[in-house]
Amino acid sequence: MALPATSSGRDASQRGHVALVLPLLIYLGVFYAYPVAAMMFRSIHEPRWTADNFAQIFQTGVYLQVLWLTVRISLIVTVVSLVLGYPVAYVLARVDRAKSNLLMILVLVPFWTSILVRTYAWMVLLGQQGIINQLLLSLGVIDEPVRLLNTTFAVYVAMVHVLLPFMILPLYGVMRGIDENLLRAAQSLGARPINAFRQVVLPLSLPGVSAGCLLVFILALGFFITPALVGGPQDLMIAVLVQQQVDLFNWPLASALAVVLLAAALLIFAIFVRTLGVEQAFGRART
Amino acid sequence: MTRKYPAQGVLKRPRAVGIWLGTITALVLFYLIFPILVIVPLSFSSAKYLSFPPPGFSLQWYQNFFSRSDWLGAARLSIWIGLIVMILATGLGTPAALGLVRGRFPGKKVINAFIISPLIAPVIIVAIGVYFFYALLGLVGSPFALILVHTCLAVPFVVINVSATLQGFDERLEYAAMSLGATPWRTFWQVTLPIIRPGVMAGALFAFISSFDELIVALFVSGTTAVTLPRKMWQSIRFEIDPTIAAVSTILIIFTTALFLAAELFRRRSERLRTSTAAIAAE
């Protein structure tokens, strides 16, 4: 294609490079950026210039509550994923390659399975007649089925399950890169194992921690399928609210809610790219 | 990093810590895999409703899936849409990755971020944006609309995978081809493409799966006429409770795992190729 034929053709080749990107840019412009931009425009101009929709969101108790709940759920899911994911990534990075490849399958197969299937699995497990209830009944721990599905607890359990691999994979990638000799050096200089971990592994793993946390948080903010299926009416997250408003033909308000969500996501995305760079951040995102 | 050292270099790790770490890891891995595994026996249940443990073995839910035209039609539609999305996304994404990795032009970083952004923007935003767009055009319910949107969502996977393969590509191989008289077009097909092919294939597979699995856009755009498999599953999960969905889920788990394994193999091969072309270049 447009490869530099001679060194004198530098400008021509640069034009060639741009020409290679152009079809995709036009495509995304028409079918992705324009519809999203038009939707954002609708939130402030329907039928004429107005800030009413945003005023409504930030002045109505119910909507504010949904925003706050969405942020709270996302934060808790992120922290729980980090706490559960960090030791797993650490162990996977420390065992030898063959073993870690084998154990990695246990992280990757759920990761590869569609979110819908994984959420359905939790419905089967947590339901009134579900496996966990039947197990607890037969063990005599409980006398009658406990309500597990359609609770906030179910939202946390299922969301962490879906998002945990997004935490483990970047953490694992970073920890694999930590040279074990650094630990040896620290210990041979007299550091106790716990101090060697605190002063060597922990700081070096921080890029993985921030990548994992930002990725999980940003994905959690926009979660729709899982809270809609395993949550109760009290677990209304912003994406579910957006869909409800669309169904009610309240398009301007749905658009305004989407703009708020997008603003939050973009802010975090900017931090993400600023601290890590696009390729480093996403190269590991889904592999 | 895992080089073996003589005994005095062995890392000290308190036993108690090792046991704790091992236990936590085992529990978390169990939590990750158990829900996936639990679906499989349910799909072979002889019961008329979800019950565990299954009272007996039966293939009735698989039979149900393969004999009902609504399920089969949905699966067929999803495969078709996925294949066309794969072709479009690969065709648009591969040259774009070439231009982005090789080119030095102003605004490259912004363009890169823009192309990757469908991956990180909450899908619900894209979904309602395109829903309003297609509603005005009267395209809601058309598979064509789904293809157009899914391609936007799939393109980042192609760009990321192809870019990664191009990162270590030795451009002198192309100069060599062209100095021997090959046209740029022929150089691309006979030198560049064969080397980056694993990355292209991995990207194409990711693109297919991303469309095949996509629910949220489909919920808005597919109407009642373009019901994809995830959309059909969504309806089934919400309004029916028979274990057909367990059978579909089992098929999907096996299908997507196989596709991802293939993508992973391509990705590994592209990594190997990258190091080996670097080695050739070094000689």
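Patches are made of residues with over 30% relative accessible area and no salt bridge, where like charges are joined within 9 Å and nonpolar side chains (Val, Leu, Ile, Met, Phe, Trp, Tyr) within 5 Å. The model is predicted: local features need pLDDT of at least 70, side-chain atom pairs count only at pLDDT 80 or more, and totals for chains, interfaces and linings use all residues. Residues are numbered from 1 along each chain as its sequence is written, chains are lettered from A in the order in which they are written, and side-chain values use heavy atoms, with hydrogens and water left out.

**Exercise 1.** Identify the residues of the nonpolar surface patch that includes A:Leu75.

*Solution.* 
Step 1. The members are A:Trp68, A:Val71, A:Leu75, A:Ile76 and A:Val80.
Step 2. Together they have about 410 Å² of accessible area, a value from the Shrake-Rupley method with a 1.4 Å probe, with only the protein chains shown counting as cover for residues.
Step 3. A:Leu75 belongs to helix H3 (residues 61-94) of chain A; helices are DSSP runs of H or I with at least four residues, numbered from the N terminus.
Step 4. With 44% relative accessibility, A:Leu75 is classed as partly exposed, the class between buried (under 20% relative accessible area) and exposed (over 50%), with a 1.4 Å probe and protein chains only.

**Exercise 2.** Determine which residues of helix H7 (residues 172-179) of chain B are buried, and how they are arranged about the axis.

*Solution.* 
Step 1. The buried residues are B:Glu174, B:Ala177 and B:Met178.
Step 2. Viewed down the axis of H7(B), the buried residues fall within an arc of 95°, so they line one face of the helix. The arc is that of the directions from the helix axis to the C-beta atoms.
Step 3. In general, an α-helix has 3.6 residues a turn, so residues three or four places apart point the same way.
Step 4. B:Arg172 and B:Ser179, on the other side of H7(B), are exposed.
Step 5. The cover over the buried residues of H7(B) includes helix H3 (69-102) and helix H8 (184-212) of chain B.
Step 6. Just after H7(B), B:Gly181 adopts a positive phi of about 105°.

**Exercise 3.** Find which residues touch the most other members of the largest nonpolar core.

*Solution.* 
Step 1. A nonpolar core is a set of buried Ala, Val, Leu, Ile, Met, Phe, Trp, Tyr and Cys residues joined through side-chain atoms within 4.5 Å.
Step 2. The largest such core has 193 residues, and B:Phe220 and B:Leu229 touch the most other members.
Step 3. Helix H7 (residues 152-176) of chain A gives the most to this core, with 17 residues.
Step 4. Neighbours within four places in sequence aside, the contacts of B:Phe220 (heavy atoms within 4.5 Å) include A:Gln243 and A:Val246 in chain A, together with B:Ile124 and B:Tyr131 in chain B.

**Exercise 4.** State which side chains pair with B:Asp70 in salt bridges.

*Solution.* 
Step 1. A salt bridge is a side-chain nitrogen of Lys or Arg within 4 Å of a carboxyl oxygen of Asp or Glu.
Step 2. One partner is B:Arg68, with the closest N and O atoms 3.0 Å apart.
Step 3. Another partner is B:Lys232, at 3.0 Å from N to O. This pair links distant parts of the chain, with B:Asp70 in helix H3 and B:Lys232 in helix H10 (residues 229-239) of chain B, 162 residues apart.
Step 4. B:Asp70 is partly exposed at 33% relative accessibility, whereas B:Lys232 is buried at 7%.

Methods: Helices (H or I, at least four residues) and strands (E, at least two) are DSSP runs, numbered from the N terminus.
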